[in-house]
Amino acid sequence: MIDFLIFASTSVIATFLTFELNIRFKQGPVRASASIALIIGGLFYFFPTLLPEIYTKNIPLYVIGGTFIGMVSSSINISYFSLIFSPILFSVLLHYTSKVFNGFGGALGTTACIALMCTMAFPIITKHKKVTYGYRIIRILFLKQKRRKIIKRKV
């Protein structure tokens, strides 16, 4: 349990660092994510005995997944609650699915995307009904597809 809390906290910290590098320091999402991943990955690669083996193997995975969440665009109205909850949800998903997706490429990015999208869907599901910009785009695209199908049926 303590191990999982450490992994989740590193994911949250990586999310905030990436978000701040991306938005406040205007480094761009890819550069912000890559710089944090390079620092943490290099630290654990060059100093593998710095921490116990379980931390050396897993912390870089959780940090990189956290940086993927921190790459979220500034045009999306995302709250700090979402920036805390998304990496925690990512950590839970990664913890329970890492053995299932062993050997599949893109598992970290997919899991991070799922966690972020679930967090962004909370306002839609709850009573607040605050719709994010990303959801508006998806809804518009979905409605256009639906209208095209209706028009094709009439013709």
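Trainee: Leaving aside neighbours within four places in sequence, which residues is Leu116 in contact with?
Mentor: Keep in mind that this is a predicted model. Leu116 is one of the core members that touch the most other members. Set aside its neighbours within four places in sequence, and its contacts are Ile69, Val72, Ile78 and Ser86.

Trainee: Which residues touch the most other members of the largest nonpolar core?
Mentor: That core has 22 residues. Two or more residues come from each of helix 1 (2-23), helix 2 (29-46), helix 3, helix 4 and helix 5 (107-125). The residues that touch the most other members are Ile59, Val72, Ile78, Phe90 and Leu116.

Trainee: How far does helix 4 reach from its first C-alpha to its last?
Mentor: Helix 4 covers residues 80-97, which is 18 residues. At 1.5 Å a residue, 26 Å is expected. The span in the model is close to that, at 26 Å.

Trainee: Which residues of helix 4 are buried?
Mentor: Phe90 is one of them, and Phe90 also belongs to the largest nonpolar core. Ser86, a contact of Leu116, is another.

Trainee: Are Tyr45 and Phe46 buried or exposed?
Mentor: The cut-off for exposed is over 50% relative accessible area. Tyr45 has 64% relative accessibility. Phe46 has 62%. Tyr45 counts as exposed, and Phe46 counts as exposed.

Trainee: How many residues apart are Tyr62 and Phe90?
Mentor: Tyr62 and Phe90 form an edge-to-face pair, 6.4 Å centre to centre with 75° between the planes. Both are buried. The pair links distant parts of the chain, Tyr62 in helix 3 and Phe90 in helix 4. The separation is 28 residues.

Trainee: Which residues do ring pairs link into a cluster?
Mentor: Start from the pair of Tyr62 and Phe90. Ring pairs link these two with two further residues. The cluster is Phe7, Tyr55, Tyr62 and Phe90.

Trainee: How many salt bridges does a search of the whole structure find?
Mentor: Glu20 forms one with Arg24, the closest N and O atoms being 3.1 Å apart. Arg24 counts as exposed at 59% relative accessibility. Glu53 forms one with Lys57, at 3.0 Å between the closest N and O atoms. The search finds 2.

Trainee: Why are Glu53 and Lys57 separated by about one helical turn?
Mentor: Both residues are exposed. They sit in helix 3, residues 53-70.

Trainee: What is the phi of Lys26, and where does Lys26 lie?
Mentor: Most residues other than glycine have a negative phi. Lys26 is not a glycine, yet its phi is positive. Lys26 is exposed, with a relative accessible area of 68%. Its phi is about 50°, and Lys26 lies in the loop between helix 1 and helix 2.

Trainee: How many disulfides does the structure hold?
Mentor: Cys113 is partly exposed, at 42% relative accessible area. Cys118 is also partly exposed, at 36%. The closest cysteine sulfur to that of Cys118 is in Cys113, 9.2 Å away and too far for a bond. The number of disulfides is 0.

Note on methods. Residues are numbered from 1 along each chain as its sequence is written. This is a predicted model: local features need pLDDT of at least 70, side-chain atom pairs count only at pLDDT 80 or more; totals for chains, interfaces and linings use all residues. Side-chain values use heavy atoms; hydrogens and water are left out. Helices (H or I, at least four residues) and strands (E, at least two) are DSSP runs, numbered from the N terminus. The expected span of a helix is 1.5 Å times one less than its number of residues. Buried means under 20% relative accessible area, exposed over 50%, partly exposed in between (1.4 Å probe, protein chains only). A salt bridge is a side-chain nitrogen of Lys or Arg within 4 Å of a carboxyl oxygen of Asp or Glu. A nonpolar core is a set of buried Ala, Val, Leu, Ile, Met, Phe, Trp, Tyr and Cys residues joined through side-chain atoms within 4.5 Å. Contact means heavy atoms within 4.5 Å. Rings of Phe, Tyr and Trp (its six-membered ring) pair if their centres lie within 6.5 Å; planes under 30 degrees apart count as stacked, over 60 as edge-to-face and the rest as tilted. A disulfide is a pair of cysteine sulfur atoms within 2.5 Å.
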